Amino acid sequence: MSDPNVQHMTGAPRLARRLGLFDATMIVMGGIIGSGIFINPYVVARQVDTPLLILAAWLLGGLIALMGAFVYAELAASHPDVGGQYAYLREAYHPSIAFIYGWALLLVIQTGGMAAVAVTFSRYFLEITRAPLADWAVAALTLSLLTLVNCLGVRAGSSTQNVLMLIKIVAIVALIICGLLFIVEPHALTTQAIDYPASLGLLAAMTPVMFAYGGWQTSSFIAGEMRNPRRDLSRGLIIGVLGVIALYMGVNFVCLRALGADGLANTTTPASSVMRLALGERGAAMIAVGIAVSTLGFLSQGMLTAPRVYFAMAEDKLFFKSVAWVHPRTRAPVLAIALQGALAVVIALSGKYEQILNYVVSVDFIWFGLTAASVFVFRRRAALARRLDMRADATTTDAARDAVDDPHNARIDSQNAGYKVPGHPVTTALFVIACWLIVISTVYKYPAQSLIGIMIVVAGIPAYFFWRWWRHE
């Protein structure tokens with residue numbers, strides 16, 4: 001077997017496979033943990049106002065995320081392709097579905113999210129440093145710097161991401177320890193377990209919970225640059241999501257212990273409130289640094305992973321050919337990375353990033369559901385390939401041998417080995433249903449914004465046909 005780090009016979013440089021299990025785990029956790037866990041607990045507490053229901057919402061969200069990680073682990077093991085989720089959608093359904101996903105990712109989901117997080121980082125940065133700069137200028141400079149770092153190669157981008165992720169973990173663990181050791185008058189968590197009217201808000205509470213848990217799927221984008229994606233990416237997904245569940249449950253536990261359910265619902269800065277109670281203003285300043293680093297790490301992860309989708313689109317001749325260009329020395333898709341960074345800077349400068357995020361609240365989980373459903377498609381194809389194999393052995397006809405020898409069927413049969421979703425089809429179906437319920441709940445709560453997001457996605461349909469015509473003319 002040829003070394004995947006070696007250039008193709010055409011001489012064109014290819015993406016370098018330089019990432020391992022630790023990198024995969026840090027990328028998974030970095031894609032999930034942003035600034036949300038430091039802020040979102042109060043949003044959930046306003047929907048369900050008893051401590052046990054609040055913790056139950058976060059635990060349920062973690063279990064849903066874990067089911068999603070199981071699904072993506074199987075897909076990563078069976079399809080270790082560049083572009084990850086894009087490739088799963090392309091192989092399971094049609095290139096048009098994958099293109100529309102990439103379209104939404106580039107124009108809104110990833111780029112808009114990065115712009116918003118960049119401005120969040122800049123505000124914390126300015127609060128800490130008191131630098132005489134505008135927040136949009138700091139956001140633009142930060143995005144530009146991360147773009148440059150990732151253009152130096154996947155190893156440089158991943159190393160930066162790993163360091164920032166480790167600092168994030170330290171900040172969250174410090175918050176948990178301080179909340180456990182230095183709160184003088186903790187609140188009891190054994191008060192009323194279920195308040196009937198509040199329990200009806202559990203579904204609504206799942207929207208901010210799932211947004212806080214979202215992001216594990218972006219790790220699949222860099223499968224083409226992992227040394228052993230079938231093994232390491234699938235393991236990294238499970239380890240990473242389990243690690244995030246533990247951290248999130250710890251944060252919510254100490255928030256409730258320090259503030260109580262009512263206090264948590266009445267503050268918009270729960271992490272700062274806990275640290276202020278524990279260590280005074282010095283504690284609030286410390287957690288501000290932690291939040292700033294956390295948002296920076298999230299930006300670093302997005303700049304590392306998402307451009308691989310645009311690279312895959314270009315290789316499929318569904319985007320500008322130059323976006324698939326790989327630098328011969330750094331072995332990074334520098335134009336795809338530069339495109340991601342430039343669009344994020346433009347959105348950050350426009351000041352419209354918050355509106356754009358609202359547009360895609362419901363869209364993201366549509367893709368989660370479709371991707372999870374692809375497991376059923378791939379399993380059915382694999383079963384068909386096995387039946388053809390058995391028929392060929394029984395009949396030994398030329399036609400059957402041709403069917404078995406077909407490269408497409410051979411590829412399907414090779415996918416049988418590797419990680420499998422435990423409890424499939426029940427767990428896979430439950431994850432798909434959970435995704436649809438979250439979409440329905442979000443559309444119901446934010447109909448206007450959801451409609452705009454769906455319209456942006458639908459606009460990808462004529463764009464797909466244009467690119468298909470233009471590149472195949």
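Colleague: Which residues form a nonpolar patch on the surface, and about how much accessible area do they have together?

Modeller: Please keep in mind throughout that this is a predicted model. The nonpolar patch on the surface is formed by Leu203, Val426, Leu430, Ile433, Trp436, Leu437 and Ile440. Taken together, these residues have an accessible area of about 640 Å².

Colleague: Is Ile433 buried, partly exposed or exposed?

Modeller: Buried means under 20% relative accessible area and exposed means over 50%, with partly exposed in between. Because the relative accessible area of Ile433 is 46%, this residue counts as partly exposed.

Colleague: Which residues gather in a patch of positive charge on the surface, and what is the relative accessible area of Arg387?

Modeller: The patch of positive charge on the surface brings together Arg386, Arg387, Arg391 and Lys420. Within this group, Arg387 lies in helix 17, which covers residues 363-395. Arg387 is partly exposed, because its relative accessible area is 47%.

Colleague: Where is His79 found, and with which side chain does its own side chain make a polar contact?

Modeller: His79 is found in the loop between helix 4 (51-78) and helix 5 (85-92). His79 counts as buried because its relative accessibility is 1%. At 2.9 Å, the side chain of His79 makes a polar contact with the side chain of Ser78.

Terms used: Residues numbered from 1 in each chain as written. Predicted model: local features only at pLDDT ≥ 70, side-chain atom pairs only at ≥ 80, totals over all residues. Heavy atoms only, no water. Helix = DSSP H or I, 4+ residues; strand = E, 2+ residues; numbered from the N terminus. Buried < 20%, exposed > 50% of the residue type's maximum accessible area, 1.4 Å probe, protein only. Polar contact = N/O pair within 3.5 Å; in protein donor to acceptor, adjacent residues only side chain to side chain. Patch = residues over 30% accessible without salt bridge, like charges linked within 9 Å, V, L, I, M, F, W, Y side chains within 5 Å. Areas by Shrake-Rupley, 256 points an atom, 1.4 Å probe, with all protein chains shown as cover. Salt bridge = Lys/Arg side-chain N within 4 Å of Asp/Glu carboxyl O. Lys, Arg positive; Asp, Glu negative; His and termini not counted. Charge placed at Lys NZ, Arg CZ, Asp CG, Glu CD.
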